[in-house]
Amino acid sequence: MSQSRHFRKAPLLTSFLLHVCERSLAAPGDRITEYEIGVQVFRRSKSFDPRQDNIVRSYARQLRKRLEEYYSTDGSSETLRILLPKGGYTPVFEKHWPQQLTPQLEALEDTQFTASETPIPASLDRGNKSAWLLWSGPLALFCSLLIFATTWRMLHTRQQQTANTVSPLHSLWSQIFSDRRDTFVIPSDIGFVIMQQANRRTFTLAEYLGWQAANHAPDNLAMSYLKDQSYTSILNLNFVSQLQRLPEASSERFLIRATRALRLEDLQESNAVLLGSNLSNPWAELFAPQLNFHFVNHPESDSYWVSNGAPAPGERSVYGDPTKSYRHQTYGVIAFLPNLSNNGHVLLIQGLDAAGTQAAVDLLLEDTESMNVLLAQAAGPDGAIKSFEVLVEATSIGFDSRAVNCHILAKRIYH
């Protein structure tokens, strides 16, 4: 089950399922609580409050859906099924006859004997017949439990093997979210984008930091207001929420900071996750010299593209779709670099537009197989992830910034 397409890319769902099955077998009748799962499976702190954090309920819904999909497809032939009834977290083990065995079972019912008339060896006298029938029910139950125990042991052994082998993606998140220093998560500033588009020019980080709302003339009131405020998008909020739920993210070291409130020393002394390109997050400008893939913005002509500083064979020097039609190609960049003092790490999540950013987020958080392959190539002898860049391509459909067919188009690994 754990290696099926339904659970292979969902390690947390697999851990959730294994935990509740193990608890149910070890202590039948004991109530499995939401708090226990939050702490044991999702590594929440002892102050975890299920009323404020619905991660367990959210994953329970996903688990029920995955189990239903699994047993209707890849696991349709399994005779013992695991169910997670709504309203609780105690699994139910249910015997199920596969559809292909139904005709055979019906044929057995049409034979000269029924289940209560199971043929008994002639060597057994009449006194032993009742003993045979008495043990036939418990024997069937024992066989079912034996099948389940064998399956559970295989899954549990695989979980232990997985725990003993640290995945590259876990290594990446462990470097970004360290117990030794804070990690600042900085969402993009949508007001900064509006300012540049309204003025039909780009602004530098120095200009952004030097803005003062001193001129409150009526014709400049809107611009002055934007200079004083920080706005972000639902996409950014969702990404921050997903980061907070990562097992490696420590609540004590996880700090959300608005672009306007960030300070230079924060990027020198701490780790950071920067959301948005230099068009929406001016702090990305500081890391541009270390990058090969650069976002080029021209608000005056409403044209934007990604520049490839040193194209490898088969790569283009420019990536962008000037048509901006209902369906078009878009691009994002994931970059893992040293912080400004080279004593920590910075993760940049950038996009040519909202769909491009979404593509980068989806690749990083959803496509664990592709990321693990990439990160395995970027891992050093000690397992630490080296600096890298990834150019992501996706198809943007509609005007609500949906990204599909996300994949890695080009990559750079720095030694």
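Predicted model: local features only at pLDDT ≥ 70, side-chain atom pairs only at ≥ 80, totals over all residues.
Trainee: How many bridges join β9 and β10, and in which sense do the two strands pair?

Mentor: In general, strands of a sheet pair through backbone hydrogen bonds, either parallel or antiparallel. Here β9 (residues 327–338) and β10 (residues 345–351) pair in the antiparallel sense over 7 bridges; two strands pair if DSSP finds at least two bridges between them. Strands (E, at least two residues) and helices (H or I, at least four) are DSSP runs, numbered from the N terminus. Another bridge partner in β10 is G351, facing G332. The hairpin has 6 residues between its strands, and N342 takes a positive phi near 60° there.

Trainee: What does β9 do on its other pairing, with β11?

Mentor: β9 and β11 pair in the antiparallel sense over 10 bridges, with I397 in β11 as the bridge partner of R327. β9 is also mostly covered, with 9 of its 12 residues buried (under 20% relative accessible area; exposed is over 50%, partly exposed in between, with a 1.4 Å probe and protein chains only).

Trainee: In what order do the strands of the sheet run?

Mentor: The open sheet has 7 strands, in the order β4-β3-β5-β10-β9-β11-β12, with mixed pairing. β4 (254–256) and β12 (402–413) are the edge strands, each pairing on one side only. Helix α12 (residues 354–365) lies across β9, β10, β11 (388–397) and β12, at about 135° to β10. Axes are lines fitted to C-alpha atoms, for helices over the stretch in contact, and angles run from 0 to 180 degrees between N-to-C directions.

Trainee: At what angle do α6 and α13 pack?

Mentor: Two packed helices are described by the angle between their axes and the distance between the axes. For α6 (residues 168–176) and α13 (residues 368–378), the angle is about 75° and the axes are 8 Å apart. The two are therefore roughly perpendicular to each other (65 to 115 degrees; under 35 is roughly parallel, over 145 roughly antiparallel, the rest oblique). P168, L169 and L172 in α6 meet T368, M371, N372, L375 and A376 in α13, where contact means heavy atoms within 4.5 Å.

Trainee: Which residues touch the most other members of the largest nonpolar core?

Mentor: Nonpolar side chains tend to be buried together in soluble globular proteins. In the largest core here, of 35 residues, W173 and I334 touch the most other members; a core is a set of buried Ala, Val, Leu, Ile, Met, Phe, Trp, Tyr and Cys residues joined through side-chain atoms within 4.5 Å. α12 gives the most to this core, with 7 residues. Leaving aside residues up to four places away in sequence, W173 touches L243, L246, E248, L347, L364 and L365. A second, separate core of 27 residues includes I186, L279, L291 and Y319.

Trainee: Is S280 buried or exposed?

Mentor: S280 counts as buried, because its relative accessibility is 11%. S280 lies in the loop between β5 and β6 (293–298). Not counting residues up to four places away in sequence, S280 touches S188, D189, F192 and V193.

Notes
Residues numbered from 1 in each chain as written. Heavy atoms only, no water.
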